[in-house]
Amino acid sequence: MPKRSTPQLWDFWIDRGGTFTDIVGRRPDGALVSHKLLSENPGAYSDAAVQGIRDLLGLKAGEAIPPGRVGAVKMGTTVATNALLERKGERTLLLISKGFRDAIKIGYQARPKIFARQIIKPEMLYERVVEVDERVRADGTVEREPDLAAARAALESAKADGIKAVAVVFMHAYRFPQHEKRVAALARELGFVQVSASHEVSPLIKLVSRGDTTVVDAYLSPILRRYVAQVDQDLDARRSAARLMFMMSSGGLTAAELFQGKDAILSGRAASRIASAYRLRHGWYFDGRIPF
């Protein structure tokens with residue numbers, strides 16, 4: 001009986017930084033090769049990660065990535081990190097329970113420099129706050145049903161002003177999310193590109209930390225989604241059958257379609273920490289074994 005041939009697939013590990021993009025490829029014979037490109041070079045290519053893959057595969061300009069050449073592409077990226085630092089995320093509206101419009105801004109009143117006479121607080125990621133007249137108590141008792149008519153009017157006004165992302169953060173929604181679900185459904189019905197509800201994004205008991213994470217998710221997810229879609233299109237992942245995955249801040253990998261803003265803030269940093277830990281335990285990891 002003839003021996004079945006093994007697929008001749010390349011695997012790629014990519015760090016897409018703000019200045020440079022580093023690509024490590026593993027050839028079908030197991031040998032490792034590396035490549036380095038400027039992350040931004042619009043005159044030469046649309047995306048450095050995909051161009052690095054094309055260069056290592058030896059493809060000519062305009063030549064499609066052939067099916068059956070690429071197995072997996074695993075990438076860490078600072079796209080979300082840079083957008084956060086440079087305040088280039090999506091314009092965001094915060095919908096929060098009535099009476100708590102400043103809760104996220106006030107935060108936990110932590111003072112890292114306790115003797116500083118001038119406290120400079122960071123700029124909020126949301127540009128507008130709307131209080132929704134609703135309330136669910138800690139035991140689940142509904143004190144006030146949400147005023148959906150007023151919420152609709154506020155959402156329509158924000159959308160008309162060009163705001164495209166919405167963060168919905170209600171009291172006790174981590175356990176009793178029914179009001180958040182109704183208002184988030186309303187925002188999605190009105191066509192916002194991103195609607196992040198706290199009970200879906202970060203179901204934590206504390207309003208401030210839950211709200212912070214939800215706002216970050218609403219602010220960064222549209223930027224990240226556009227980047228992932230661009231890479232997916234340039235890689236032509238469906239036709240080439242390549243498996244595209246991204247590294248999360250936690251150090252784990254997730255499928256491209258599940259990659260969210262809240263998971264991406266330390267994506268570019270996480271891989272280096274894992275590699276460093278692997279190196280300390282096993283020695284230099286460029287021995288053919290990639291730790292993720």
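I take helices as DSSP runs of H or I with at least four residues and strands as runs of E with at least two, both numbered from the N terminus. With that convention I find nine helices and twelve strands in the protein chain.

I note that this is a predicted model, in which local features need pLDDT of at least 70 and side-chain atom pairs count only at pLDDT 80 or more, while totals for chains, interfaces and linings use all residues. I number residues from 1 along each chain as its sequence is written, and side-chain values use heavy atoms, with hydrogens and water left out.

**Overall dimensions**

I looked up the extent of the C-alpha trace, which spans about 70 × 50 × 45 Å along its principal axes. Of the 292 residues, 46% count as buried, where buried means under 20% relative accessible area, exposed over 50% and partly exposed in between, with a 1.4 Å probe and protein chains only. I then took contact as heavy atoms within 4.5 Å, and found that residues 24 or more positions apart account for 64% of the contacts with a separation of 6 or more.

**Nonpolar cores**

For a nonpolar core I use a set of buried Ala, Val, Leu, Ile, Met, Phe, Trp, Tyr and Cys residues joined through side-chain atoms within 4.5 Å. The largest such core has 51 residues, and those with the most contacts inside it are Phe 12, Ile 53, Val 73 and Leu 94. Its largest share, twelve residues, comes from helix α7 (residues 207-235). Apart from this core lies another, of 21 residues, with Ala 154, Ala 158, Val 183 and Val 195 among them.

**Helix α1 against α7**

Nine of the ten residues of α1 are buried, including Gln 51 and Arg 54. What covers these buried residues includes the strands β1 (10-16), β2 (20-26), β3 (32-38) and β4 (70-77), together with α7.

I checked the axes, taken as lines fitted to C-alpha atoms over the stretch in contact, with angles running from 0 to 180 degrees between N-to-C directions. Those of α1 (residues 48-57) and α7 come within 9 Å and cross at roughly 20 degrees. The two helices are therefore roughly parallel to each other, a term that applies to angles under 35 degrees.

At their contact, Ala 49, Val 50 and Ile 53 in α1 meet Tyr 227, Val 231, Asp 234 and Leu 235 in α7. By class, I record six nonpolar, no polar and one charged residues in this contact.

Which residues does Gly 71 touch, leaving aside its neighbours within four places in sequence? I find Leu 9, Trp 10, Asp 11, Ala 241, Ala 242 and Arg 243. Gly 71 sits in strand β4 and counts as buried at 16% relative accessibility; from Trp 10 it is 61 residues away in sequence and 5.6 Å in space, C-alpha to C-alpha.

Thr 81 is in helix α2 (residues 79-85) and, at 18% relative accessibility, counts as buried. Beyond its neighbours within four places in sequence, Thr 81 is in contact with Ala 264, Ile 265 and Leu 266.

Thr 254, in strand β12 (residues 253-255), counts as buried at 11% relative accessibility. With neighbours within four places again set aside, I list Met 245, Phe 246, Met 248 and Phe 259 as contacts of Thr 254.

Technical notes: Angles under 35 degrees count as roughly parallel, over 145 as roughly antiparallel, 65 to 115 as roughly perpendicular and the rest as oblique. Ala, Val, Leu, Ile, Met, Phe, Trp, Tyr, Cys and Pro count as nonpolar, Asp, Glu, Lys and Arg as charged, and the others, Gly among them, as polar.
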